[in-house]
Amino acid sequence: MQRSSAIQYNNFIGERILFWGAVFMSGGSILGAIGWLVYKTEKYQDILAAFLVCSFFQWGFYFLNRKALFHQNYSPHFNACFTFLMFGFTALYNPLRYSEIWVLLLFYPILLGLSSTRRVFFIWSSSYFILFNLHMFITAPITEANLFIFVMRSMFSLAAIGIGWLIHASLLHMNQKSKDDQIRHKKDHILKVLNALIPIAERKSQIDKNEIFSMSNLMKKIVTHLPEEKIEEWEMELLSVLHYVSRVNWPDYMFEKQDKLSSFEFEVIKAHCVFGHELIGEDEDFNRISVAILHHHERLNGTGYPNQLREAQIPVAAQILGITESFLAMTEPRSYRDAKTSLEAFEEILEGKGILYREDLVGALGEALGINDYYIGNVERAV
């Protein structure tokens, strides 16, 4: 979503630059025509011809760019390329026959900062710097007297690139801050909705809402032992609340039933994964949350649900939630069984190591519980 929004922004700004550049050249053509009609001089005739040629090419750049926008992955490069051609062609053709037309080229990196991604900015500003200096050598002879002018103009081009980068960095910062604020507001709204369901879920399930804190706290501890996994704390907090309230659509009697569930009842139980997924919806900012709740009952060997995913097909956040839920469920009393100790629950999870649960997740769970040290000590004593 973020990349898509950035491309749309680049397309809009780049297209506007090309459009108004073409409009400006068309305006120059009109003024040149008026001057030629009034004064009938060769000078205005040359100006009219030059502006007409520039206008023709720049409208061509504009329409070619619009056609290129169908290739969405490359559209920021098309914008940068055609804008560069627009400035370069105007500077070389020089419709006003102005000796200091090179100054026009200094505006390119500044506008590039408005319309590009970071990668596009570096590629095209580097190309600009090389071609800008080539332009100076082409349009003026290389002499000792011109050396200072070359150095001065080159420094101006570097300054223009620096200004363009400052504009670009500022826009990136503002866009990121805006996105962060947007996510925070959406997260607060989702939590407000889910928190309203907590009392209902607690009454129906007869499971203390403190499970939310226990689950969130344990997942955070597990993640600290998986430094390669970049999962935010707020994601684990939201997952814990979402998992708790996802049971709200279960029939009341199923929380007290001590007999084995029927196949229909088991399907109802499994539906809480889909229900939790639907509570979040299709918002891409929360995609990892909705996917994690949907697949947290999947297992490495493909025996899980709802889609019988296997191994790497299962998102890591889903696996962390799944192993945490399994452990907490075993250590809490239910109507049909007593609670197990932490050690007993971990031993049962250990039996599924590499079969149901990833080995590194089982190890991280043991580290989070401080149980791995116990096993190491037992092994050393046995030896």
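**Helix packing, cores and backbone features of the predicted model**

Glu348 is found in helix α12, where helices (H or I, at least four residues) and strands (E, at least two) are DSSP runs numbered from the N terminus. The structure is a predicted model, in which local features need pLDDT of at least 70 and side-chain atom pairs count only at pLDDT 80 or more, while totals for chains, interfaces and linings use all residues. Residues are numbered from 1 along each chain as its sequence is written, and side-chain values use heavy atoms, with hydrogens and water left out.

With a relative accessible area of 36%, Glu348 is partly exposed; on this scale buried means under 20% relative accessible area, exposed means over 50%, and partly exposed lies in between (1.4 Å probe, protein chains only). Once neighbours within four places in sequence are left aside, Glu348 is in contact with Met330 and Lys340, contact meaning heavy atoms within 4.5 Å. Glu348 and Met330 are 18 residues apart in sequence, and their C-alpha atoms are 9.2 Å apart in space.

The largest nonpolar core has 48 residues, and Ile222, Ile320, Ile323, Ile349 and Leu365 are those with the most contacts inside it. Such a core is a set of buried Ala, Val, Leu, Ile, Met, Phe, Trp, Tyr and Cys residues joined through side-chain atoms within 4.5 Å. Two or more residues of this core come from each of α6 (144-205), α7 (210-224), α8 (233-245), α10 (287-295), α11 (316-330), α12 (342-351) and α13 (359-369). Helix α11 gives the largest share, nine residues. Ile320 touches Met219, Ile222, Val223, Leu226, Ile231 and Leu361, not counting residues up to four places away in sequence. Apart from this core lies another, of 24 residues, with Phe61, Phe82, Phe87 and Met136 among them.

Packing between α11 and α13 can be followed next. Two packed helices are described by the angle between their axes and the distance between the axes. For α11 and α13, the axes come within 11 Å and cross at roughly 50 degrees; axes are lines fitted to C-alpha atoms, for helices over the stretch in contact, and angles run from 0 to 180 degrees between N-to-C directions. The two helices are therefore oblique to each other, given that angles under 35 degrees count as roughly parallel, over 145 as roughly antiparallel, 65 to 115 as roughly perpendicular and the rest as oblique. The crossing of α11 and α13 is right-handed, a label used if the near helix is turned clockwise from the far one by less than a right angle. On the α11 side the contact is made by Gln319, Ile320, Ile323 and Phe327, and on the α13 side by Leu361, Val362, Leu365 and Leu369. Within α13, the buried residues include Leu361, Val362, Ala364, Leu365, Gly366 and Ala368. Just after this helix, Gly370 takes a positive phi of about 75 degrees.

Two further side chains are worth a look. Trp124, found in helix α5 (residues 118-139), is buried with a relative accessible area of 16%. Residues up to four places away in sequence aside, Trp124 touches His77, Ala80, Cys81, Phe84, Tyr108 and Leu112. Arg153 lies in helix α6 and, at 12% relative accessibility, counts as buried. Beyond neighbours within four places in sequence, Arg153 is in contact with Glu100, Trp102, Phe132 and Met136.

Turning to the cysteines, the structure holds zero disulfides, a disulfide being a pair of cysteine sulfur atoms within 2.5 Å. Cys81 counts as partly exposed at 24% relative accessibility, whereas Cys273 counts as buried at 0%.

Most residues other than glycine have a negative phi, and most peptide bonds are trans. Lys40, in the loop between α1 (2-39) and α2 (42-68), is not a glycine but has a positive phi of about 55 degrees, and at 55% relative accessibility Lys40 counts as exposed. Glu311 lies in the loop between α10 and α11, with a positive phi near 40 degrees and a relative accessible area of 54%, which makes Glu311 exposed. Pro306 is found in the loop between α10 and α11, and a cis peptide bond with omega of about 15 degrees joins Tyr305 and Pro306.
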